[in-house]
Amino acid sequence: MALVFRSKGRLVLSVLLIFAIICELAYCQKDAQEHKTPPGKKAKPSKHKVGRATSKGAQAPKTKVKATPAAQAQTILTQVLNRGKFTKVGDTISVRAGDTLELRCRGKPVQWGVPAYLEEDDDGRLRKVQHERYGVLTLVNTTGADTGEYTCYPMYCEDTDCRKVYDKAVKVFVFFPDPLELFVPSSDYYEVIQLRTNWPTILPCQVTSPQAKVTLHREYPPVEVAVDGTEISFNVKKGFTIHRPRSHHAGALYCVASLGNLRQSSTKYMLIYVNYPMAAPTPAIQSSASSVAMGENLRVSCTVVGEQDVVVELTWEYPGQQIGRPEYTQDSVSPVSGGAAQQQTQSILLVDEVRDVDQGTYTCTAQNLQGSKSVSTTVKVVPKTKPRKP
């Protein structure tokens, strides 16, 4: 009986052991299937969390990340026509006076440039908003006075330091045609403009509509001024340009714009001609002698040869000024013979009956509208030689 019981016990233990082995094999196969990488996909590496170092010596050095400039991407300027509709702007666009101008510029961040008076007179019509990837300029209740150039500047930023990237800027000239105003309004009845020799001069007859026909006129005698495109040219975004001003361009001029049945005159421009020099004068100084005996007379001349009709001012500094010796000069302006149109400006400083105090440095300064230059010479005063007795 005891023998039978032992045989049954061993059989039960054997069955349990076999069952446990089968279960273990099934579990391992399932676990392997769960960790098996599907075909076409790469196994993701396990992520390990890095704890903070408790010791300063164990910390890895922090690398300062340089901000990526938004200017590296191409700057694009678009006009928002209505909700959800955009168009890329060209060199100029026209927006009817009274309508809203909305421009969108890609960049993070960007800065806007607008006509000067809009920046100065902030009446709440102009709004600039920076979004995540673009900036928006909105101008409401527009008028013909808003006509001008609008610019989007991408910004290069490092931390909080930002600067404009001028060579990536995008510009558009916006006209606001006004049925009652052909010219951009001005508070001045007339404007004084200086004409400089060889310096292009602009008469800003700015119209509000690119379709307006503009002509240039002289007040007296009342004639239309010829615009040949070479001596005088017209640009609808700038006005008239006198490329090489001369004395005959001076006087009172104004512009006339016509569009349909409307004809209007602009502000009057008072043009004053100034023969502007090409460069500062170059004086030359010369004394009648480097050594002068006491009691004799000294002559120091300062001469400038330059462009004709250009005013040159000559001034002196001399040792006798310290004791109040008066300044006596002989000044003259005379043409220079030859093919070139030049003139000579000269000043001769007269020092009569030289004394010890007249010894020292004599300086002449020549000045014109471009600048000034100085030259100097030194004069020595020596005792007067006594005549020999016969």
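This is a predicted model: local features need pLDDT of at least 70, side-chain atom pairs count only at pLDDT 80 or more; totals for chains, interfaces and linings use all residues.
A residue counts as buried when its relative accessible area is under 20%. The points below cover the disulfides and the nonpolar cores.

**Disulfides**

- The count comes to 4 disulfides, and the bonded cysteines, numbered in sequence order, pair as 1-2, 3-4, 5-6, 7-8.
- C157 is joined to C162 with the sulfur atoms 2.0 Å apart, and the link is right-handed, with 115° about the S-S bond.
- The sulfur atoms of C105 and C152 lie 1.9 Å apart in a disulfide that is left-handed, with -80° about the S-S bond.
- C105 belongs to strand β4 and C152 to strand β8, so this pair ties together parts 47 residues apart in sequence.
- Both ends are buried: C105 has a relative accessible area of 0%, and C152 has 0%.
- C205 and C255 are bonded with an S to S distance of 1.7 Å; the link is right-handed, with 50° about the S-S bond.
- C205 sits in the loop between β12 and β13, while C255 is in strand β17, 50 residues apart.
- C205 is buried at 1% relative accessibility, as is C255 at 0%.

**Nonpolar cores**

- The largest nonpolar core has 20 residues, and those with the most contacts inside it include L77, L103, W112 and V172.
- Strands β4, β5, β7, β8 and β10 each supply at least two residues of this core.
- L77 touches residues including L103, W112 and V172, as well as the cysteines C105 and C152.
- Another core, of 19 residues, lies apart from the largest one and includes F183, L195, V225 and I232.

Conventions:
Residues are numbered from 1 along each chain as its sequence is written. Side-chain values use heavy atoms; hydrogens and water are left out. A nonpolar core is a set of buried Ala, Val, Leu, Ile, Met, Phe, Trp, Tyr and Cys residues joined through side-chain atoms within 4.5 Å. Buried means under 20% relative accessible area, exposed over 50%, partly exposed in between (1.4 Å probe, protein chains only). Helices (H or I, at least four residues) and strands (E, at least two) are DSSP runs, numbered from the N terminus. Contact means heavy atoms within 4.5 Å. A disulfide is a pair of cysteine sulfur atoms within 2.5 Å. Lists of a residue's contacts leave out its neighbours within four places in sequence.
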